[in-house]
Amino acid sequence: MSAAEVAEHYNKVRQAGIEDRKESRIFFMRNMNNWIKSQLISDAMKIVNENDVRDPRVLDIACGKGGDLRKWDISGAKHVVMADVADVSVKQAEERYKQMHKYPDNIFSAQFIVADCTKENLEDHIEHKDLFDLVSCQFAMHYSFVDESSARTFIKNAVGMLKPGGVFIGTLPDADRIVWAVRNGEAGKFANDVCKITYENVEELEEGKVPLFGAKFHFSLDEQVNCPEFLAHFPLVKHLLEEYEMELLFVKNFAQAIQDWLEPGRRLLESMKGLETFPNNNLSGKGAGEYEEAESKIESLGENVPKFVGTLSKSEWEAICMYLVFGFQKKKAEGKEESESPQLKRAHVEQVDTKEEKVHTTASEEQPPNQH
């Protein structure tokens, strides 16, 4: 699948309004994803600030319709380059930027670029050639893993203009988790009430010969996203980034990320409506067993305790566990002391258990989400 086909697909996706999003079966999952990105950007910007950077330059590569523009404003970015292959999406992002309440004064400056970052040299399109302090790529880098050349070009564009000490953050489908799910499904398929994953070459899947590049799968989410995608095996992602002097800060499945950020980010999570109140008269999940974990939690609550919890339906939770979050930092020049980050300066890899995960977060309890 070419980048042009990806662009065509996303250009056709209708920009939903607030009321439309409320009616979505994955309303709470989308909000949870948005909260995870907020936590990730906030923590990454702390590292940038610890590098004595007060006017951070940001590259939002594969920016889509500009869903993170407000996050860049809140985080204190001074200049943001937004780049994507989909021209309609970039135009919508630019219009979104112009409608922000502080435009054109007292808001970060921005450049909007339409470019195929798997084929072109992004630097040729950038007006101001100063290096970036922070680069973000959300839910998109795996498309470049259609072949080795595309992946290498995309990664070069992502971190080639990153300062020493600069940070690269992102989210992408968890290749290990997806392979496990489709292998344990039928004929290379996994499905629940909100998502369906189909691995295209069932024979190579059964033979255990999933390729490093071009491992094609189809991921439909609430019938809204159905675009061919490619597995990006994280050890390979790490190897390619290390060629550009990038060091791993962390990588973890969304389940672990939620667990880690729940307490410090609980108030924001509640305000962003990342959890569904259980019980209520209009639950998003209608199938049997969608709220077993929440029901068990309610039963365990003591007397004189409000009998409600914040949760996600089982189907949304299974879908959200198909993603991981990562952070890298470019090596600093020798002889310069590295600052320690209180939240991100811990390089570790979270191993995802291959048994089914059923983790639910609670808005009314002080305990972190349980993991089974």
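**Reading helix faces and a binding-site annotation**

User: What covers the buried residues of helix H12 in this structure?

Analyst: Strand E11 (276–278) and strand E12 (309–311) are among the elements that cover the buried residues of H12, and it should be kept in mind that this is a predicted model.

User: Which residues of helix H12 are buried, and why do they line one face of the helix?

Analyst: The general idea is that an α-helix has 3.6 residues a turn, so residues three or four places apart point the same way. In helix H12 (residues 292–300), the buried residues are Ala294, Lys297 and Ile298. Seen down the axis of H12, these fall within an arc of 100 degrees, so they line one face of the helix. Glu299 and Ser300, on the other side of H12, are exposed.

User: How should I read helix H9, and which of its residues are buried?

Analyst: In helix H9 (residues 234–242), Phe234, Leu236, Val237, Leu240 and Leu241 are buried. Their arc around the axis is only 155 degrees, which puts them on the same side of H9. Their cover includes helix H6 (148–159) and strands E5 (162–173), E10 (246–253) and E13 (323–330).

User: Where does UniProt place the feature "binding site"?

Analyst: The unreviewed UniProt entry places it at Lys37, Ala62, Asp84, Asp116, Gln138 and Tyr143.

User: Is Gln138 buried or exposed?

Analyst: A residue counts as buried under 20% relative accessible area, and Gln138, at 8%, is therefore buried. Gln138 lies in strand E4, and its side chain makes a polar contact with the side chain of Ser136 (2.8 Å). Leaving aside neighbours within four places in sequence, the residues in contact with Gln138 include Lys37 and Asp68.

Key:
Residues are numbered from 1 along each chain as its sequence is written. This is a predicted model: local features need pLDDT of at least 70, side-chain atom pairs count only at pLDDT 80 or more; totals for chains, interfaces and linings use all residues. Side-chain values use heavy atoms; hydrogens and water are left out. Buried means under 20% relative accessible area, exposed over 50%, partly exposed in between (1.4 Å probe, protein chains only). Helices (H or I, at least four residues) and strands (E, at least two) are DSSP runs, numbered from the N terminus. The arc is that of the directions from the helix axis to the C-beta atoms. Contact means heavy atoms within 4.5 Å. UniProt positions are given in the numbering used here, feature names are shortened, and annotations may be inferred rather than shown by experiment. A polar contact is a pair of N or O atoms within 3.5 Å; within protein, one must be able to donate a hydrogen and the other to accept it, and residues adjacent in sequence count only if both atoms are side-chain atoms.
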